[in-house]
Amino acid sequence: MTEPTPTHDEMHRSPTHYDLTGFQRDVCQAIAAVDDEPYGLALKAYLDERYPEPINHSRLYQNLDTLADKGLITCDPLDDRTNAYTLTEAGHNLLTKQAETLARCTDRPRPVADGGAHAPTEADRP
């Protein structure tokens with residue numbers, strides 16, 4: 001049995017948060033977070049601070065290429081050996097949408113799990 005052919009809209013839509021691996025999402029976040037030029041080694045240093053094991057160079061650069069192919073980042077040469085990576089509008093929108101989703105989730109009242117009369121508030125937290 002063959003796979004159905006994707007529609008034009010399916011083939012040309014911007015990727016969503018769920019179309020990316022966790023590492024690819026982290027790379028997009030790193031590009032947005034790095035203050036100076038977001039070149040490969042600066043991105044690796046940012047990610048190495050957050051991962052328990054150092055990030056493999058090959059893994060990083062393969063995923064940067066994938067994100068560029070998906071239209072979420074651009075790769076611009078700084079010199080013969082160094083590229084700067086920046087988010088495209090689609091990449092920025094992807095991060096913004098996920099940040100808004102997380103913000104809405106954290107603003108929701110929590111269900112009462114202890115049989116109490118109310119959901120915990122800031123005053124109830126240690």
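**A loop residue, then some helices**

Analyst: Thr88 sits in the loop between β2 (83-87) and α5 (89-107). Helices (H or I, at least four residues) and strands (E, at least two) are DSSP runs, numbered from the N terminus. This is a predicted model, where local features need pLDDT of at least 70, side-chain atom pairs count only at pLDDT 80 or more, and totals for chains, interfaces and linings use all residues. Residues are numbered from 1 along each chain as its sequence is written, and side-chain values use heavy atoms, with hydrogens and water left out.

User: Is Thr88 buried or exposed?
Analyst: Thr88 counts as buried because its relative accessibility is 17%. Buried means under 20% relative accessible area, exposed over 50%, and partly exposed in between (1.4 Å probe, protein chains only).

User: What does the side chain of Thr88 reach?
Analyst: The backbone oxygen of Gly71, at 2.6 Å. Leaving aside neighbours within four places in sequence, Thr88 is in contact (heavy atoms within 4.5 Å) with Gly71, Leu72, Ile73 and Thr74.

User: New topic. Where does Gln24 lie?
Analyst: In helix α2, residues 22-33. Gln24 counts as buried, because its relative accessibility is 6%.

User: Which side chain joins Gln24 in a polar contact?
Analyst: That of Asn63, at 3.1 Å. A polar contact is a pair of N or O atoms within 3.5 Å; within protein, one must be able to donate a hydrogen and the other to accept it, and residues adjacent in sequence count only if both atoms are side-chain atoms. Not counting residues up to four places away in sequence, Gln24 touches Asp19, Asn63, Thr66, Leu67 and Lys70.

User: Now helix packing. At what angle do α2 and α3 cross?
Analyst: Roughly 115°, and their axes come within 10 Å. Axes are lines fitted to C-alpha atoms, for helices over the stretch in contact, and angles run from 0 to 180 degrees between N-to-C directions. So α2 is roughly perpendicular to α3; that label covers 65 to 115 degrees, with under 35 roughly parallel, over 145 roughly antiparallel and the rest oblique.

User: Which residues meet there?
Analyst: Phe23, Asp26, Val27, Gln29, Ala30, Ile31 and Ala33 in α2 meet Leu43, Tyr46 and Leu47 in α3.

User: And how far apart are the axes of α3 and α4?
Analyst: They are 11 Å apart, and α3 (residues 40-48) packs against α4 (residues 57-69) at about 115°. The two are therefore roughly perpendicular to each other. Gly40, Leu41, Leu43, Lys44 and Leu47 of α3 make the contact with His57, Leu60, Tyr61 and Leu64 of α4.
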